[in-house]
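Open the structure in a viewer and keep the sequence beside it. The stops below say what to select and what is there.

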Amino acid sequence: MNCSLHSRRSALQTLSCGFGALALAGITAQQQARAALPANPLAPRAPHFKPRAKRVIFLFMSGGVSHVDSFDHKPRLTADDGKMMDFADLRSLAKTGKSPQQRVMKPLWNFSQHGQSGAWASDLFPEMAQHMDDLCLIRSMHTEGIAHGPATLFLHTGTTTFIRPSMGAWVSYGLGTENENLPAFVSLSPALGNGGPRNYGNAFLPAIYQGTAMGRAGVPATEATIRNLKSPRSPEEAKRQFDLLRELNAEQLRAKPGESELEAVVNSYELAWRMQGAAPEVLDINGESPETLALYGIGEKETDNFGRQCLLARRMAESGVRFIQVNYADNSNNPAWDQHSNLKKHGEHAKAVDKPVAGLLADLKQRGLLDDTIVWWGGEFGRTPYAERNGTGRDHNPAGFSVWVAGGGFKRGVTYGETDEFGHHAVVDKVHMHDLHATILHALGLDHEKLTYRYAGRDFRLTDVYGHIVSDLFT
Amino acid sequence: MFPRTTVLLATAFALNAPAFADEGLDFFEKKVRPLLAERCLDCHSEAKKVKGGLRLDLREGWVKGGDSGPAIVPGEPDKSLFITAIRYSDRDLQMPEKRKLPDEEIAILEQWVKMGAPDPRTSGTVAKKQTGLSLEEGRKFWSYAPVQKPAVPAVKDAAWARGDLDRFILAKIEAAGAQPAPDATPEALVRRLYYDLVGLPPTPEQIDAFAKAAAVNRPQATEKLVDELLASPHFGERWGRHWLDVARFAESSGGGRTLLFKDAWRYRDYVIQSLNADVPFDRFIREQIAGDLLPAATPEDARRQVSATAFLALGPTNYEEQDKQQLRFDVIDEQLETLGRGFLGQTIGCARCHDHKFDPVSQRDYYAMAGIFASTRTLFNYTDNVARWIAAPLPAAGPNEVALLAHETKLAALEKDLEGAKAELTKASKAVTEVTNKPGVPVAAGDLPGIIIDDAQAKIVGEWKHSKHVRSYIGDGYVHDLNQGKGEKTITFTPSLPKAGRYEVRLAYAHLDGGRATNVRVTVLHADGEDNVFIDQTQVPPIDGRFVSLGKFRFEKDGAGYVLITNDDSNGYVTVDALQFIPEGDATAAEESRDAANPQRAAAAKRVRKLETDLKKLKKEGPARDTAMAVRDDDQVADVQIRVRGVEKQRGETVPRGFLTVALRNEAPAIPANQSGRRELADWIASAENPLTTRVFVNRTWTWLFGTGLVRTVDNFGTTGEKPAHPELIDHLATRFVEQGWSVKRLVREIVLSRTWQQAVATPAASDMDNRLFAHANRRRLDAEQIRDTILSVSGQLKLDLYGLNIGGAGDIDANDFSAQNTEYAYVYADTRRSVYTPAFRNKRLELFEAFDFGDINATMGQRNVSTVAPQALYLLNHSFVVEQARAAAERTLASSDDGDARLVSAFRRTLGRAPTATELAKCRRFLGASASLETWAQLHQTLFATLDFRYLD
């Protein structure tokens with residue numbers, strides 16, 4: 001781990017379970033969950049302090065977007081294009097302990113400055129580039145995991161190896177939902193691979209905090225919906241059947257009075273019944289104006305699918321879903337952005353996401369939603385500044401890459417942190433993935449050191465014993 | 001990377017270090033102290049924080065160092081971790097973490113260390129604080145103290161108790177001034193027995209039979225039914241499933257690249273069979289930890305025992321981890337964690353990075369046990385891009401083994417023949433090479449076997465000159481580097497290979513005796529890593545005067561893989577003509593086209609081809625040996641070094657292999673130097689002397705039968721776990737368990753025949769809301785498998801076949817092939833066997849299991865969560881499985897009778913185990929109306945599946 005000089009001692013201070021607390025510890029996770037949670041565990045809960053934002057939309061770029069071709073401008077790559085040079089290639093080092101020379105490869109897209117802020121961005125994402133004044137661009141990210149699986153799990157759960165809850169699950173646990181007719185945490189079109197369900201899993205948190213997958217990678221967004229939401233019967237039949245269930249359950253409950261758990265089950269049917277009515281409306285984009293559809297690129301071949309996902313994300317944000325993940329992903333082991341060769345293909349992917357993402361930003365802004373919504377765009381790592389196989393693509397780079405966040409109390413039009421002159425390793429104002437997690441939780445009013453859950457005798461956190469809040473990013 | 005120049009510059013500074021003490025202190029005060037204060041002390045001082053255990057506010061601080069050891073070696077900047085950290089040269093050790101120091105500041109600190117690190121700050125001492133419980137205190141803690149046979153308490157209501165178990169429970173109930181609940185009704189009892197012992201609902205006939213017998217003599221009827229159910233093969237299915245939860249059983253690895261565990265079912269069957277055969281639990285433990293090392297009387301025993309060790313292998317391993325040493329230690333950690341929780345109720349994993357914060361488990365203990373698993377082989381090798389487990393060959397019984405051995409002998413002989421024939425061929429080929437050694441003639445790429453990539457198709461960087469000077473080229477000439485611009489030119493061949501597998505890779509170059517480089521570096525990136533081969537181009541290419549073999553490598557289909565030739569550091573002309581990829585097994589085809597002129601060679605080639613065909617045929621036709629996921633002792637057995645803070649590369653002291661010190665009563669069993677120590681570990685765990693093992697297991701059994709444990713933190717018997725409500729009862733049960741030969745069936749029998757277990761469900765008393773007195777039964781939710789198996793049995797679709805592989809299309813996979821995930825991702829769950837046989841994929845689970853708290857199958861789960869969420873309701877209301885099974889159930893109901901009320905009674909009895917109440921009958925009649933269709937009956941059945949009385953067991 002990169003944070004190896006961190007102490008676990010500071011974490012211990014927050015555990016508040018020295019010996020004095022042992023007597024209190026004698027309950028199972030399940031009972032603790034029951035005791036600690038209100039009757040509805042998804043009821044909105046007060047954050048630890050005044051939040052800047054209420055919800056998150058995470059636009060996950062699976063496979064690793066090349067930062068040196070998009071947001072991290074490195075003139076030396078052009079100057080030294082084609083030269084064989086020494087780089088500490090992480091994959092070679094992990095495998096062999098040695099790193100051969102690598103050929104510097106210039107970006108395939110031209111960089112220019114944008115907006116009032118003059119922030120650099122390439123013409124890989126021309127539409128997003130129009131929003132540079134809205135973005136808080138972090139160019140000094142670094143993370144763990146060289147292969148997709150470990151790095152993707154790290155991005156979502158804060159560990160490459162261990163079985164831990166996903167960030168959305170932690171946020172749902174910390175804040176509950178604002179709309180009980182909808183799940184608190186939704187992952188739109190997630191992939192089966194590279195961590196699969198663990199990326200939206202609850203691990204040891206109560207199951208209610210698990211992300212609800214809508215659709216999956218490879219299935220058109222038009223078919224993405226909450227599972228089992230639609231009755232196979234006609235509305236009248238369904239109603240008649242549900243009424244019978246109500247009657248039988250009322251009768252059976254009468255025979256066993258005072259059992260709150262049985263009442264909770266009865267209530268879960270009522271909630272499900274209401275969801276069947278309310279949720280489809282939220283998920284139906286037919287009422288949107290042609291202008292809005294066009295803003296997201298819906299109706300255009302390249303952008304239709306991701307545009308629909310982004311629009312759904314906005315509709316769910318409006319309706320009070322707490323954590324919405326939009327996946328640009330597929331089920332392969334070389335996911336979408338994984339251009340080991342033929343880097344030009346980045347252009348196709350950029351085309352698919354650029355307009356929808358820019359449209360989402362514009363739409364959130366015009367509706368005033370951007371003020372309390374954090375939009376987070378990024379992948380599990382970046383790519384190397386040198387050519388893989390000395391050819392036409394780039395390998396994974398967890399040592400330095402870029403992500404951006406927008407809205408939700410983050411500074412706008414700001415560029416934070418630096419990689420070295422080739423864009424390989426983050427060196428200035430480094431932001432580890434743990435730090436980003438801590439910072440986003442902070443924006444939601446959650447103290448990442450206090451958002452804990454007792455499991456197997458220990459309090460667990462999303463950030464383990466790491467994570468610093470990058471307060472420079474906040475307005 | 002950080003450009004090398006920066007580091008060099010910094011080092012140059014340090015060379016001028018002054019060496020006088022006063023000057024040194026002066027330097028410290030003027031330059032170093034302010035720097036430390038500004039840059040370091042926020043995180044490394046007593047006044048603020050002491051991160052990583054390192055203090056830099058005192059000389060003793062850096063002398064002693066932090067968790068990684070001494071921070072500064074005076075006079076030796078290159079050996080000082082402190083300097084390594086600030087140089088940012090080691091990715092795992094970079095300080096200050098947020099931003100690298102300016103070069104001037106690094107230079108100052110380097111100079112200071114070079115000077116001998118003069119530092120006047122010497123007050124006080126730096127001692128590490130002890131955090132966890134000491135060994136001595138720990139041994140007094142209830143779960144680490146020896147199991148005692150407690151005296152059975154006296155009770156007032158002697159008639160109530162049926163045995164000692166009841167006396168322990170009743171004594172506490174009486175002491176609390178409470179009353180036990182009345183006995184459960186026979187109807188409730190029979191359902192409870194069926195669900196708890198075999199996981200299936202009783203049929204109406206079985207309910208009637210029991211009610212009738214119980215009316216005559218209830219204790220006798222109960223005992224008879226219990227014995228029947230314990231003897232049923234379905235007992236193992238139900239109770240095996242409990243253990244599979246502990247063993248985090250799954251049939252794929254999940255996570256990153258999920259890989260199908262095609263043999264994992266053998267472990268599942270091993271567990272079910274062991275419970276059915278009532279294998280003593282101590283043996284069950286030994287087999288899972290060290291089955292491969294135990295003597296086996298029969299081939300069947302050997303098969304069982306080897307299959308049992310899958311317990312150690314079927315974790316959620318991240319086979320894709322690129323650092324294979326890291327992977328190795330991650331696997332060990334997972335093994336220790338599973339074994340620790342599963343058998344001992346200990347969170348051993350906490351001690352991977354530091355002494356346990358609460359429990360008396362030291363980091364030494366952890367690495368003592370880690371040494372046992374580091375001496376055990378779990379991964380097939382440490383080189384594959386995506387690693388894999390060991391598929392151990394299993395012996396067969398009697399004639400089958402004879403046939404297998406005969407087959408294998410034949411195979412071996414044939415393989416030997418083939419080897420010899422190949423040697424002949426090579427010899428003959430050399431002769432040919434000498435013939436064609438003269439300036440050759442050009443050949444078209446299409447005339448050569450395998451996959452040819454000509455220089456024209458390669459990615460060329462820098463100036464390479466085209467030439468046809470040396471005539472033995474392929475295609476349209478070759479290129480050379482003009483013997484200029486060394487280090488600037490490369491050529492990369494990227495093959496597009498039609499299938500994954502091993503290929504022989506050959507490079508064609510244009511040889512000349514003079515002027516050619518003798519040290520051309522060729523880099524091959526293949527699926528298992530990267531290799532460099534150096535070619536002497538003053539030598540004649542050994543194959544046909546055109547090619548030199550670079551070796552055999554494994555490649556993924558269309559995956560990352562390339563061959564790169566560079567002129568870097570070369571000492572003459574570098575030439576490149578073409579590249580040839582020949583699939584393994586096809587090598588002779590490469591020779592095929594060649595000179596029939598050499599009959600010796602042609603004959604040798606023919607013989608090789610024939611033998612290869614024969615071998616393939618024999619392999620296909622002969623019997624195939626079964627394999628099991630398993631572990632084995634490694635060829636290298638050794639103690640391991642502590643990994644400081646759990647970081648694989650930061651190694652500390654070597655710890656002799658051993659066990660958990662706090663739970664050792666006597667001498668630790670000695671571990672033979674040439675064995676892993678798994679056998680001794682198993683013996684230590686499976687010993688009646690071990691204070692944890694039996695306590696943990698009897699508590700698990702109690703939990704599986706009562707829904708809640710005597711200790712509710714079933715997987716945690718450490719100091720952060722719950723203390724037992726009835727410590728004497730746990731010890732009583734643990735003692736009985738050992739006395740009765742570690743028989744699980746006897747333990748279960750004793751509990752379910754107790755009066756305590758047979759109490760009725762009641763409303764908890766206000767003074768005991770959690771029912772810690774066990775003064776009544778707890779109402780329990782059907783779990784995911786019970787829901788599915790019951791729905792299928794009501795619908796008549798349940799198939800009760802026992803055992804065996806149940807994944808359609810499962811077979812050997814190539815971990816590195818991108819299609820390896822297809823079986824799981826494309827899997828359609830359609831069978832109607834019992835849920836214990838449902839494929840247990842980690843990345844794609846059965847939806848019903850996900851919805852109904854089956855739980856995470858990635859880690860030990862001694863007790864499942866119970867949640868009440870809307871998706872469960874939505875599942876029962878709308879999922880096609882429920883809808884279809886309800887329709888099948890309705891068909892049976894309609895066939896059962898022509899009378900509407902009789903049909904309703906049948907539906908209720910089959911689904912809920914009881915007849916409808918008058919109110920229920922009335923509601924249902926109204927719902928059905930005068931002439932209900934099959935569809936309406938289906939709706940009624942579906943509704944019953946959603947009722948409270950279906951989902952809960954009294």
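Residues are numbered from 1 along each chain as its sequence is written, and chains are lettered from A and ligands numbered from 1 in the order in which they are written.

**Chain A, confidence**

The average is 88, and 91% of the residues score at least 70. Now select residues 1-38 of chain A, where pLDDT stays under 50. The model has 64 contacts beyond four places in sequence for this stretch; two residues are in contact if their C-beta atoms, placed from the backbone, lie within 7 Å. Where pLDDT is low, the predicted coordinates should not be read in detail.

**A sheet in chain A**

Helices (H or I, at least four residues) and strands (E, at least two) are DSSP runs, numbered from the N terminus. Select β2, β3, β11 and β12 of chain A: they form an open sheet of four strands in the order β2-β3-β11-β12, with antiparallel pairing. β2 (84-85) and β12 (393-397) of chain A stand at the edges with a single partner strand each, so one side of each has no neighbour in the sheet. Strands pair if DSSP finds at least two bridges between them. Two bridges join β3 (102-104) and β11 (382-388) of chain A, and A:Val104 is opposite A:Tyr386 in β11(A).

**The side of chain A that touches chain B**

Show both chains. Here 98 residues of chain A are in contact with 100 residues of chain B. Elements giving two or more residues to this side of chain A include α8 (235-254) and α9 (260-283) of chain A.

Select α8(A). How far apart are its end C-alpha atoms? They are 28 Å apart, which agrees with the 28 Å that its 20 residues should span at 1.5 Å a residue (the expected span is 1.5 Å times one less than the number of residues).

Next, select the buried residues of α8(A): A:Gln241, A:Phe242, A:Leu244, A:Leu245, A:Leu248, A:Asn249 and A:Gln252. They cover an arc of only 155 degrees around the axis, which puts them on the same side of α8(A); the arc is that of the directions from the helix axis to the C-beta atoms. A residue is buried if 20 or more other C-beta atoms lie within 10 Å of its own, exposed if 12 or fewer, and partly exposed in between, with C-beta atoms placed from the backbone. A:Pro235, A:Glu236 and A:Arg254, on the other side of α8(A), are exposed. The buried residues of α8(A) pack against α9 of chain A and against α30 (918-928), α31 (934-945) and α32 (948-951) of chain B.

**Chain B**

Select chain B alone. It has 32 helices and 20 strands, and 50% of its 954 residues are buried.

Move to β7 (490-493) of chain B, which is covered on both faces: B:Thr490 and B:Thr492 are buried on one side, B:Ile491 and B:Phe493 on the other. β7(B) pairs antiparallel with β4 (459-461) of chain B over three bridges, and B:Ile460 stands opposite B:Ile491. Four bridges join β7(B) to β12 (562-566) of chain B, also antiparallel; there B:Thr566 is the bridge partner of B:Thr490.

Finish at B:Gln759, in the loop between α23 (744-752) and β19 (780-781) of chain B. B:Gln759 is buried, with 20 other C-beta atoms within 10 Å. Beyond four places in sequence, its contacts include B:Pro180, B:Asp183 and B:His776.

Note on methods
Predicted model: local features only at pLDDT ≥ 70, side-chain atom pairs only at ≥ 80, totals over all residues. pLDDT = per-residue confidence, 0-100.
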